[in-house]
Amino acid sequence: MTVTITSGHLQATIAEKGAELQSLFDTTIELEYIWQADPKHWGKHAPILFPIVGALKDDTYVYEGETYHLPRHGFARDMAFEVIDQRDDFVLFQLESSAATRAVYPFDFQLQVSYELGGDGLVVKYNVKNTGQKDMFFSIGGHPAFNVPLAKGLTFEDYYLTFSPRKSRVKLPLKGNYIDYEQRTLGQTNTDLSLTHEMFEQDALVFETKGLQSFSIRSEKSPHSVTVSYNQMPYVGFWSTYPVESPFLCIEPWCGIADTLASTGELKEKAGIQSLPPATDFATKYSITVK
């Protein structure tokens with residue numbers, strides 16, 4: 001089942017499975033911005049990453065002496081969410097802990113995800129509530145994939161990434177599925193970055209971020225672009241497939257990262273993990289602006 005919301009010239013479609021954004025479509029110019037999940041390349045659109053972001057060592061973590069297993073990016077993207085509120089331009093989804101989630105993640109929670117259209121874009125909000133009796137440890141993030149190119153006749157290499165503010169950011173290199181934190185460097189995000197497929201030879205490009213951030217996919221050969229903006233999310237990932245050359249690029253705002261090479265496996269010690277006391281909420285959001 002899917003839900004479609006509209007506002008002006010924009011239309012968004014979201015699946016109940018994973019509360020996953022499947023389409024952001026401009027009806028005036030008939031332009032689809034979201035990757036349409038061709039399984040020959042990558043069979044998803046914009047999964048929600050929860051309760052972890054990235055991979056755990058051997059898909060395993062330890063909490064209070066017990067060993068648990070979670071796949072890369074967690075389980076939310078594969079679970080059925082409930083629609084609890086809907087208007088023409090807005091929809092709110094909810095996922096609650098269950099016996100199935102507690103078997104792999106021993107916390108009681110309520111995860112709400114909302115989508116709201118307005119102006120030239122879409123606002124995506126996450127709200128995590130700890131409904132249990134002990135501190136909850138989690139990560140959450142977005143994984144939206146955008147069509148590149150956005151115009152017929154152009155190629156992936158006709159586009160570039162812009163970064164705002166224009167300053168260097170700490171780059172966290174991946175070694176296999178894990179962050180090689182000891183090899184972190186300053187990335188050249190103080191200038192535009194031309195897109196090539198080869199730049200993803202080592203998987204995603206991951207950067208630390210602070211404060212208000214904005215990242216755009218643009219081309220000098222087309223007026224159409226996509227911008228992802230957020231405030232106070234500590235990481236961002238950029239990803240496309242390699243060596244398969246796919247016509248999409250993900251811009252991924254994260255509150256959490258994959259295990260580091262030095263990870264002990266203890267959930268409380270995991271790099272980037274969020275801690276939430278009982279009966280409290282964690283809220284964050286990002287926006288997608290299109291032209």
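**Close-up views of a predicted model**

**View 1. S139 and its surroundings.** Leaving out neighbours within four places in sequence, S139 makes contact (heavy atoms within 4.5 Å) with L49, F50, P51, I52, V53, C255, G256, G272 and I273. This serine sits in the loop between β12 (136-138) and β13 (140-142); strands (E, at least two residues) and helices (H or I, at least four) are DSSP runs, numbered from the N terminus. S139 has 0% relative accessibility and therefore counts as buried; buried means under 20% relative accessible area, exposed over 50%, and partly exposed in between, with a 1.4 Å probe and protein chains only. A note on what you are looking at: this is a predicted model, in which local features need pLDDT of at least 70 and side-chain atom pairs count only at pLDDT 80 or more, while totals for chains, interfaces and linings use all residues. Residues are numbered from 1 along each chain as its sequence is written, and side-chain values use heavy atoms, with hydrogens and water left out.

**View 2. The nonpolar cores.** A nonpolar core is a set of buried Ala, Val, Leu, Ile, Met, Phe, Trp, Tyr and Cys residues joined through side-chain atoms within 4.5 Å. The largest one here has 72 residues, and F50, L111, Y115 and F238 have the most contacts inside it. Strand β10 (residues 109-118) is its biggest contributor, giving five residues. Look for L111, which touches F50, A76, F81, F93, Q94, L95, N127, V128 and I140, not counting residues up to four places away in sequence. Another core, of 17 residues, lies apart from it and includes A204, V206, W239 and A258.

**View 3. An open sheet of four strands.** Here the order is β1-β2-β3-β4, with antiparallel pairing; two strands pair if DSSP finds at least two bridges between them. The edges are β1 (2-7) and β4 (31-32), each with a single partner strand, so one side of each is left without a neighbour in the sheet. Further in, β2 (residues 10-15) and β3 (residues 21-26) are joined by five bridges.

**View 4. Strand β15 and its partners.** Five of the six residues in β15 (residues 159-164) are buried. Six bridges join β15 to the antiparallel strand β22 (residues 212-219), where S216 is the bridge partner of T162. β15 also runs antiparallel to β20 (residues 193-194), with two bridges between them; there, L161 stands opposite L193.

**View 5. Aromatic pairs.** The whole structure holds 25 aromatic pairs, meaning Phe, Tyr or Trp rings (for Trp, the six-membered ring) with centres within 6.5 Å; planes under 30 degrees apart count as stacked, over 60 as edge-to-face and the rest as tilted. Y63 and F107 make a tilted pair, 4.8 Å centre to centre with 55 degrees between the planes. Y63 belongs to strand β6 (residues 60-63) and F107 to the loop between α1 (99-102) and β10, so the pair ties together parts that are 44 residues apart in sequence. Both Y63 and F107 are buried. The ring centres of F207 and F238 are 6.1 Å apart with planes at 65 degrees, so this pair is edge-to-face.

**View 6. A ring cluster and a charge.** Ring pairs link F50, Y63, F75, Y105, F107, F109, F137, F138 and F282 into a cluster. Over the ring of F107 sits the charged end of K134, 5.5 Å from the ring centre; this label requires NZ of Lys or CZ of Arg within 6 Å of the ring centre and within 35 degrees of the ring normal.
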